[in-house]
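Please look at the structure first.

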Amino acid sequence: MSSKKRIGILISGRGSNMASLIEAAHAHDYPAEIVTVISNRPTAGGLAIARDAGIPTVVIDHKDFATRMAFEAKMHQALLDAGVELICSAGFMRMLTGGFVDRWRNRQLNIHPSLLPAYPGLDTHARALRDGVRIHGCTVHFVRLEMDTGPIIAQAGVAVLPGDTPETLAARVLDAEHRLYPHALRLVASGAVRVTNDILETAPPTDTPAALFSPPLRP
Ligand code: GRF
């Protein structure tokens, strides 16, 4: 029997982060397999990508449910039916209630396009540019009730460049997201991290990561 963790991915849109997880999971030594993709939007572009990759997909349209809890109960059941052990939200655009979040506590990851706790919410790239930050980035974290909070699993810093627009910055952050999410999921699925007092504990790195300087140190 496979010892890989069984992953369900939640999407609402284009699914590029989902695609990066599916791609990573092709590696024979990757500790996770993607067993289902669930979208709350029937038109999500990511559904076709998942189907083409041979992953079973489920559409659970939130508009078909009278309450948030009924929608979430259906989603929870679909995850159980697929034998899901860990959830990866990847551009999933529905707020979740405490009932769902608690059931999947420390078993649901999310990716957010900023260096949390800076810039939770929407329009992260435009807000970072308006503030003049020199380093922006992305975060994978465990999900908690309050949006874009929860123990941080991994982050990638991205230098803000002269002339950046929200679009150019978003594109570079998205590139980093596609590398960060498979890395973070590997850490969680392999059991390399644990959460204590809502802070992530990891083994010390074997080499010291270089600092990211922005603007760069060289003249
Ligand atoms: C990503 O920027 C992700 O960080 C945010 O929503 C976007 C989803 O993009 N939560 P995609 O659907 O993965 O392409």
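Q: Which residue has its backbone oxygen 2.8 Å from a polar atom of the side chain of Ser20?
A: The model is predicted, with local features needing pLDDT of at least 70, side-chain atom pairs counting only at pLDDT 80 or more, and totals for chains, interfaces and linings using all residues. Residues are numbered from 1 along each chain as its sequence is written, and side-chain values use heavy atoms, with hydrogens and water left out. Ser20 sits in helix H1, residues 16-24 (a DSSP run of H or I, at least four residues, numbered from the N terminus). The backbone oxygen at 2.8 Å from its side chain belongs to Asn17.

Q: Is Ser20 buried or exposed?
A: Buried means under 20% relative accessible area and exposed over 50%, with a 1.4 Å probe and protein chains only. The relative accessible area of Ser20 is 13%, so Ser20 is buried.

Q: Which residue of the ligand's surroundings has a side-chain N or O atom 2.7 Å from a ligand oxygen atom?
A: Surrounding the ligand are residues including Ser16, Asn17 and Glu177, where a residue is near if one of its heavy atoms lies within 4 Å. A side-chain N or O atom of Ser16 is 2.5 Å from a ligand oxygen atom, and for Asn17 a backbone N or O atom lies 2.9 Å from one. The side chain with the 2.7 Å distance is that of Glu177.

Terms used
Helix = DSSP H or I, 4+ residues; strand = E, 2+ residues; numbered from the N terminus. Polar contact = N/O pair within 3.5 Å; in protein donor to acceptor, adjacent residues only side chain to side chain.
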